[in-house]
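Subject: Model for your files

Hello,

Here is the structure we spoke about. Please keep it with your notes; a short account of what was found comes after it.

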Amino acid sequence: MRDVYVAGVGMTRFKKYRDEKSVIDLGIEASIKAIKDAGIDKNDIETAYCGHARTGRLLGREGGVGQGILWRIGITGIPVTGVSNFCASGGNAFREAWISVASGMYDVAIAIGVEKLSERREAGKPLTSDGLELLSSMGFTPPTQYAQVALRYMHEYGATKEDFALVAVKNKKNAVNNPYAQYRKAVTVEEVLNSPIIVEPLTLLSSCPIGDGGAAAILCSEKFMKKLGNNGHSCAIKATGVGLRSGVFGKHRDYLEVKAEQMAASDAYEMAGLGPEDIDVAEVHDAFTPGEIIHYENLGFCGKGEGIDLLKSGRTEITGDIAVNPSGGLLAKGHPLGATGLGQIAELVWQLRGEATGRQVENPKVALAHCSGGFSESPELGESQITSVILLQK
Amino acid sequence: MNKPIINVATELYRFDDKDDIYVVGGKCADCGEEFFPMQHYCQNCLGENVNEMPLPREGVLYSLTTITRAPAGFEAPYKIGFADLGDFRIYGMIYGDNPKIGDKIKVEYDVIRETEDAIEKGYIYRAYKGDE
């Protein structure tokens with residue numbers, strides 16, 4: 001395997017675009033920004049991967065979204081692969097692009113992630129998901145998974161709703177200074193707890209918003225990166241670890257111990273020759289507040305049952321030694337499913353270069369991006385978890 | 001006019017000769033592997049010699065939550081969660097008075113939701129306190 005660099009990144013602001021921009025428009029904006037950020041010619045791109053979890057232009061499940069974006073910016077004829085893997089679609093697209101360059105097959109690849117959720121047919125009703133028809137017929141909704149994580153965590157470790165609310169307080173405070181974030185308003189613990197309940201004990205402000213967006217990254221070989229130069233950026237960013245794992249099916253599945261996550265993290269750390277103690281800044285999948293707590297534990301930032309203590313210690317604040325979600329995370333920056341993973345990559349590249357104005361972590365050297373997709377149960381009733389972990393270094 | 005009753009998620013349960021409902025898994029006659037839901041090939045040895053295996057009608061609640069914003073066709077609030085039926089941790093809608101993690105449940109046949117056109121039924125968990 002060859003070294004792989006992230007030469008450029010770009011993203012749209014995450015928000016509800018409704019009639020303003022289509023899913024294709026969002027992909028175009030992100031791709032053009034990434035191409036310009038890298039300083040490449042669009043014709044340098046030899047292969048493309050496009051992650052999207054749900055939406056084609058017609059809001060169905062059709063493929064071809066990547067081709068739809070790229071032909072409008074004159075990139076045609078190259079291999080374009082659609083990647084659809086729940087909330088990890090963007091992280092998964094990045095991984096496939098990484099492999100295409102690391103293998104030596106291509107020198108320059110683009111990974112794109114897009115999603116448009118604001119126009120879906122049942123807007124206002126809870127989001128359902130593909131492959132959950134059987135569970136949905138018995139009343140299941142996706143947020144109930146993290147609600148049960150929260151209640152089980154409270155049952156096992158005595159954590160409180162106030163503890164989980166602190167995740168939203170931290171991440172929403174971070175988003176105030178992120179122009180790409182969907183919501184940029186700080187909140188208090190009381191506001192989080194007093195907002196409408198979605199699924200006990202998760203309130204509206206304990207949950208990520210529904211929104212739209214696009215994000216993209218240009219990946220390239222060392223040879224190409226040297227030829228290209230840093231295009232005015234302070235340093236080159238190398239993607240040194242890439243993990244992707246699916247869930248392990250077992251009789252007594254533990255909602256708090258996510259094997260896919262542990263294995264994906266372990267793969268990425270091993271590949272990079274690093275451990276969780278080396279991470280300076282991370283973007284983790286805080287779709288719901290309890291998620292960030294169990295992700296701390298499963299990614300190895302702390303031991304089992306120690307997530308709340310880590311949060312309260314302040315070490316995961318922007319000023320801490322392991323800053324988590326300086327962008328505002330999914331909770332505030334937003335969660336347009338397929339775009340999320342590449343939005344994390346964009347934020348972390350900016351952090352490593354020192355370009356994250358207003359929310360900059362002090363001189364980070366190693367960054368971790370984590371997406372947790374799928375469900376502990378289903379398609380259909382088995383184990384559909386899929387987790388991506390990507391390590392970036394300057 | 002009475003609405004028709006439709007059974008949903010029918011691949012997950014059966015009725016015995018007394019019309020009592022039970023959740024159904026599978027067991028491989030060759031290697032002994034047990035799994036849920038029932039399928040025609042063994043997950044372990046990949047053989048085809050698989051028989052249906054009734055799961056216990058009584059179990060223990062592992063996790064649960066209350067849905068207060070209902071998806072289309074459902075009426076909030078209602079409770080859902082996972083119960084341990086023997087060795088398997090399985091999803092279900094939960095009925096009963098103020099159920100809690102650790103409560104015992106019985107598998108019963110009851111209403112899942114009522115739409116404009118039909119009453120949809122299937123298996124549910126009815127929670128009860130241990131001393132009942």
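Below are the conventions, then the interface, then the salt bridges.

This is a predicted model, so local features need pLDDT of at least 70 and side-chain atom pairs count only at pLDDT 80 or more, while totals for chains, interfaces and linings use all residues. Residues are numbered from 1 along each chain as its sequence is written, chains are lettered from A and ligands numbered from 1 in the order in which they are written, and side-chain values use heavy atoms, with hydrogens and water left out.

Interface of chain B and chain A

Chain B brings 34 residues to the contact and chain A brings 32; contact means heavy atoms within 4.5 Å. Together the two chains bury about 3000 Å², of which 59% is on carbon and sulfur atoms. Buried area here is the accessible area (1.4 Å probe) that two parts lose on being put together, summed over both. B:Tyr62, B:Arg69 and B:Tyr91 supply 21% of the area that chain B buries against chain A, more than any other three residues.

On the side of chain B that touches chain A, the residues divide into 21 nonpolar, seven polar and six charged (Ala, Val, Leu, Ile, Met, Phe, Trp, Tyr, Cys and Pro count as nonpolar, Asp, Glu, Lys and Arg as charged, and the others, Gly among them, as polar).

Salt bridges

Over all chains, the count comes to 29 salt bridges. In one of them, A:Arg353 pairs with A:Asp37, with the closest N and O atoms 2.9 Å apart. A:Arg353 is in helix α13 (residues 337-353) and A:Asp37 in helix α1 (residues 23-38) of chain A, so the pair ties together parts that are 316 residues apart in sequence. Helices (H or I, at least four residues) and strands (E, at least two) are DSSP runs, numbered from the N terminus. Both A:Arg353 and A:Asp37 are buried; buried means under 20% relative accessible area, exposed over 50%, partly exposed in between (1.4 Å probe, protein chains only).

A:Asp267 forms a salt bridge with A:Arg245 at 2.8 Å between the closest N and O atoms. A:Asp267 is partly exposed at 25% relative accessibility, and A:Arg245 is partly exposed at 31%.

A:Asp254, A:Glu257, A:Lys259 and A:Lys304 are linked in a network of salt bridges.

Regards

Definitions and conventions
Salt bridge = Lys/Arg side-chain N within 4 Å of Asp/Glu carboxyl O.
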